[in-house]
Amino acid sequence: MPGKHLLASFWICVFFFVGVPLAEAATLEGTITTPDTRAVSGAMVTVFSANRMRKETVFTNAEGKYLVVTSFGGELTVRARASRFADQTKKVTVAPDDRLTLNLQLAPFPTEMDRSNALSASAHVTSLPWR
């Protein structure tokens, strides 16, 4: 019966792969805060590969903490981004199986013009029907 063999193969794969950690995976973790040390919840933390062709993004929890397990190695770019705050970017170098703590601070935009310039182009051409 082909269905029985397929089902058996499925369960063998599940038992083999469940719990197997990523080989040569680096871990980046930390906290995103404001300059006065308040946690920034819901901030996007993006890790870009060395050639910036791939990226992985996670969001901070209510305490501003994040955790990224990535197969990327070498010189990576880490960017934190949240609404009403200027982006914070940092370059780090990681090797396989490294565990790195990287805490970043997000400051409010210094001017309204800076806030406006950070918006996407579509935000500048969109018209809402206010009544």
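Biologist: Leaving aside neighbours within four places in sequence, which residues is Ile32 in contact with?

Modeller: This is a predicted model. Ile32 is among the residues that touch the most other members of the largest nonpolar core. Neighbours within four places in sequence set aside, the contacts of Ile32 are Arg38, Ala39, Val40, Ala43, Val45, Thr60, Gly64, Tyr66, Ala80, Leu104 and Leu106.

Biologist: Which elements give two or more residues to the largest nonpolar core?

Modeller: The core holds 20 residues, and Ile32, Val40, Val78, Val92 and Leu106 touch the most other members. The elements that supply two or more residues to this core are β1, β2 (44-48), β4 (65-70), β5 (74-81) and β6 (88-94). In soluble globular proteins, nonpolar side chains tend to be buried together. For this core, then, the elements asked for are β1, β2, β4, β5 and β6.

Biologist: Is Thr31 buried or exposed?

Modeller: Thr31 belongs to strand β1, residues 26-33. Beyond four places in sequence, the contacts of Thr31 are Glu63, Gly64, Lys65, Tyr66, Leu102, Asn103 and Leu104. The relative accessibility of Thr31 is 16%, and the cut-off for burial is under 20%. Thr31 therefore counts as buried.

Biologist: In the hairpin of β5 and β6, which residue takes a positive phi?

Modeller: β5 and β6 pair in the antiparallel sense over 7 bridges, and Ala80 stands opposite Gln88 in β6. Between the two strands of the hairpin there are 6 residues. The residue with a positive phi, near 75°, is Arg84.

Biologist: How many charged residues does the lining of the largest pocket have?

Modeller: The volume of the largest pocket is about 180 Å³. Arg81, Ala82, Ser83, Arg84, Phe85, Asp87, Phe109, Arg115, Ala118 and Leu119 line this pocket. By class, 5 of the lining residues are nonpolar and 1 is polar, and the number of charged ones is 4.

Biologist: In what order do the elements of the protein run from the N terminus on?

Modeller: The protein has 3 helices and 8 strands. Read from the N terminus, the order is α-β-β-β-β-β-β-β-β-α-α.

Biologist: Of the contacts with a separation of 6 or more, what percentage do residues 24 or more positions apart account for?

Modeller: The protein has 131 residues, and 27% of them are buried. Among contacts with a separation of 6 or more, the share from residues 24 or more positions apart is 52%.

Note on methods:
Residues numbered from 1 in each chain as written. Predicted model: local features only at pLDDT ≥ 70, side-chain atom pairs only at ≥ 80, totals over all residues. Heavy atoms only, no water. Helix = DSSP H or I, 4+ residues; strand = E, 2+ residues; numbered from the N terminus. Buried < 20%, exposed > 50% of the residue type's maximum accessible area, 1.4 Å probe, protein only. Contact = heavy atoms within 4.5 Å. Core = buried A, V, L, I, M, F, W, Y, C linked by side-chain atoms within 4.5 Å. Pairing = 2+ DSSP bridges. 1 Å grid on protein atoms, 1.4 Å probe; cavity = no way out; pocket = protein on both sides within 12 Å on 5 of 7 lines; lining within 4 Å. Points joined across faces, edges and corners; volume = space filled by probe spheres on them. Nonpolar A, V, L, I, M, F, W, Y, C, P; charged D, E, K, R; others polar.
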